[in-house]
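Q: I would like to go through this structure with you. Could you take my questions one at a time?

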Amino acid sequence: LDLHLDLTGQQPRAALEHALREAVQSGRLVAAVRLPSSRSLAADLGIARNTVADVYEQLTAEGWLASRQGSGTWVADRIAPDDVGASRMTSKIHTSGRSRPRLDLRPGSPDVASFPRARWLAAARQAVQAAPDEAFGYIDPRGLPQLRHTLAQYLARARGVRTSPDRIVVCSGFVQAMSLLGTALQRSGATAVAAESPGVGLHRDALAATGLAVTPLCVDGGGIVTSDLSLSEGSAALLTPAHQFPLGVVLRPDRREAAIDWARETSGVLIEDDYDGEFRYDRQPVGALQALDPARVIFVGTASKTLAPGLRLAWMAVPSTLLDAVIAAKRVSDLHTGVMEQLTLSRFIESGEYDRHIRRSRLKYRKRRDRLVDSISASAPQIRVTGISAGLHAVLDLSGMSTSMSFEDEVVSRAAAQGVAVSALGTFRFAGEPGAHPALVVGYGTPSDSSFSPALEALCQTLSMA
Ligand SMILES: Cc1ncc(COP(=O)(O)O)c(C=O)c1O
């Protein structure tokens with residue numbers, strides 16, 4: 001048997017052990033292949049027989065090889081083929097799926113180049129130094145008490161949320177909140193959840209993965225069409241009342257009341273996605289819907305827009321009826337969210353840096369929004385820019401250029417040819433849901449400061465030629 005073992009550069013024992021293990025792991029030596037006797041392999045390799053015997057013994061103990069007195073040594077059965085190829089491919093797909101084009105005006109991310117690195121690090125340093133030892137052990141699944149306390153105060157002050165630290169559950173991004181709530185709702189008897197259409201497909205998927213049926217909930221200029229909410233008992237609805245994603249409309253006051261009435265009448269709950277509630281430009285932010293009925297509305301906020309999506313930090317204010325089930329779901333999901341980020345966020349908010357960062361960002365994004373509106377009206381006046389009172393994205397209504405729904409994909413392709421990525425509104429609808437008119441969703445918050453102008457220019461050039 002020619003083994004092609006490369007033993008150069010290491011001690012013979014370590015080299016042989018490594019080479020044989022690698023040969024089995026990679027599948028070069030398949031199950032049941034008989035290995036040479038220790039004597040003959042030692043002679044072939046010019047090393048001591050005992051060295052080979054030791055290595056065979058070691059790899060047999062680890063399960064890579066098998067041997068029986070008098071029958072020699074062979075490659076053990078049941079060794080799964082090496083997964084390296086597959087995992088390399090997965091990670092490539094993963095990174096290429098999220099890798100950003102150079103000029104990126106897709107919605108969903110703030111300008112991550114403006115992440116306040118130095119201030120965040122300073123907060124981390126201070127918080128880690130001051131933290132009690134217990135903070136580094138297994139903590140309450142809801143999160144560090146200090147952070148829950150800070151968040152309860154911040155949410156009351158900045159978003160009008162009515163809650164207490166014991167009702168706050170810190171989680172790993174809004175997506176995990178959907179998984180936890182889906183599981184908890186099912187436990188409480190819910191079978192379905194209505195989600196805004198258009199909305200975020202990933203959030204629908206996370207809810208559906210828990211076994212709930214996810215049904216489309218219509219949105220018009222006043223937010224969700226509350227008369228469409230089902231009258232079945234124990235239902236739930238996911239909505240973005242402060243700034244609908246992606247249409248950008250605010251839930252009308254009468255609909256806020258109607259949604260609450262619906263939840264009360266059906267013993268249902270509303271899941272309030274407050275993803276960008278801090279960014280309102282023309283007047284005071286719309287307060288949280290949750291304040292109207294903390295027993296019927298689960299408030300969910302995230303650091304993904306205010307700081308950075310990579311932090312994977314979000315928080316929920318959970319009604320008492322669902323709290324135990326949410327905690328149980330969090331425990332089996334990941335026990336609790338990592339303490340380093342929790343400690344840092346807590347310090348960041350307490351020190352006032354969070355508010356300062358939001359204020360700076362709000363000013364910057366407002367300027368970008370104004371430039372977007374001005375540039376579009378100069379280069380393509382037939383396009384209406386809507387949903388601009390808040391948030392980090394706007395909707396470009398293309399119906400003045402074409403009524404064909406496929407036009408939005410055409411414009412997305414043409415923009416890509418100019419080097420800029422934008423999203424078609426249709427990508428946010430439920431599969432098969434018709435759209436009223438072609439439109440683009442433009443995330444003006446996404447680019448770095450240096451790439452915002454070229455991205456806007458490329459977009460305007462595309463639209464002026466369309
Ligand atoms: C509508 C909406 N909700 C919530 C989020 C935040 O999600 P996460 O906290 O998982 O990053 C986003 C991010 O793009 C969003 O667009």
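A: The answers below cover the overall build, the ligand site, the aromatic contacts and some backbone details.

Q: Before the details, what kind of model is it?
A: It is a predicted model.

Q: How many helices and strands does the protein have?
A: There are 14 helices and 16 strands.

Q: And what box do the C-alpha atoms fill?
A: Taken along the principal axes, the box is roughly 85 × 55 × 50 Å.

Q: What share of the residues is buried?
A: Of the 466 residues in the protein, 50% are buried.

Q: On to the ligand. How many residues surround it, and which are the closest?
A: The ligand is surrounded by 13 residues. The closest are F174, D273, T302, S304 and R312.

Q: Which helix gives the most to that shell?
A: That is helix α7, residues 173-187, with 3 residues in the shell around the ligand.

Q: How does the shell divide into nonpolar, polar and charged residues?
A: The shell around the ligand holds 5 nonpolar, 5 polar and 3 charged residues.

Q: Which backbone atoms lie by the ligand's oxygen atoms, say at F174 and V175?
A: At F174, a backbone N or O atom is 2.7 Å from an oxygen atom of the ligand. At V175, a polar backbone atom lies 3.2 Å from a ligand oxygen atom.

Q: What about the side chain of R312?
A: R312 has a polar side-chain atom 2.8 Å from an oxygen atom of the ligand.

Q: How much of the ligand does the protein bury?
A: The protein buries 91% of the 390 Å² that the ligand exposes when taken alone.

Q: Back to R312. Where does it lie, and what is its phi?
A: R312 is in the loop between β10 (297-302) and β11 (314-317). Its phi is near 50 degrees, which is a positive value in a residue other than glycine.

Q: Is R312 buried, partly exposed or exposed?
A: R312 counts as partly exposed, because its relative accessibility is 33%.

Q: What about S267: where is it, and what is its phi?
A: S267 is in the loop between α9 and β9 (269-274). Its phi is positive, about 55 degrees, although S267 is not a glycine. With a relative accessible area of 41%, S267 is partly exposed.

Q: Changing topic, how many aromatic pairs are there?
A: The count comes to 6 aromatic pairs. One of the pairs is F245 with F428, which is edge-to-face, with 5.4 Å centre to centre and 85 degrees between the planes.

Q: Which residues do ring pairs link into a cluster?
A: The cluster consists of F115, W120 and F348.

Q: And what lies over the face of F430?
A: R204 does, at 4.2 Å from the ring centre.

Q: Which peptide bonds are cis, at S197 and at F245?
A: S197 and P198 are joined by a cis peptide bond with omega of about 5 degrees. P198 sits in the loop between β5 (192-197) and α8 (201-209). The bond from F245 to P246 is also cis, with omega near 5 degrees. P246 lies in the loop between β8 and α9.

Q: Last topic: where is S351, and where is G352?
A: S351 is in the loop between α11 (339-350) and α12 (353-379). G352 also lies in the loop between α11 and α12.

Q: Buried or partly exposed, for S351 and for G352?
A: S351 is partly exposed, at a relative accessible area of 34%. G352 is buried, because its relative accessible area of 18% is under the 20% cut-off.

Q: How far are they from E433 and R21 respectively?
A: S351 and E433 are 46 Å apart in space, C-alpha to C-alpha, and 82 residues apart in sequence. G352 and R21 are 55 Å apart in space, C-alpha to C-alpha, and 331 residues apart in sequence.

Key
Residues are numbered from 1 along each chain as its sequence is written. This is a predicted model: local features need pLDDT of at least 70, side-chain atom pairs count only at pLDDT 80 or more; totals for chains, interfaces and linings use all residues. Side-chain values use heavy atoms; hydrogens and water are left out. Rings of Phe, Tyr and Trp (its six-membered ring) pair if their centres lie within 6.5 Å; planes under 30 degrees apart count as stacked, over 60 as edge-to-face and the rest as tilted. A charge sits over a ring if NZ of Lys or CZ of Arg is within 6 Å of the ring centre and within 35 degrees of the ring normal. A residue is near a molecule or strand if one of its heavy atoms lies within 4 Å of it. A polar contact is a pair of N or O atoms within 3.5 Å; within protein, one must be able to donate a hydrogen and the other to accept it, and residues adjacent in sequence count only if both atoms are side-chain atoms. Accessible areas come from the Shrake-Rupley method with a 1.4 Å probe; for residues, only the protein chains shown count as cover. Helices (H or I, at least four residues) and strands (E, at least two) are DSSP runs, numbered from the N terminus. Ala, Val, Leu, Ile, Met, Phe, Trp, Tyr, Cys and Pro count as nonpolar, Asp, Glu, Lys and Arg as charged, and the others, Gly among them, as polar. Buried means under 20% relative accessible area, exposed over 50%, partly exposed in between (1.4 Å probe, protein chains only).
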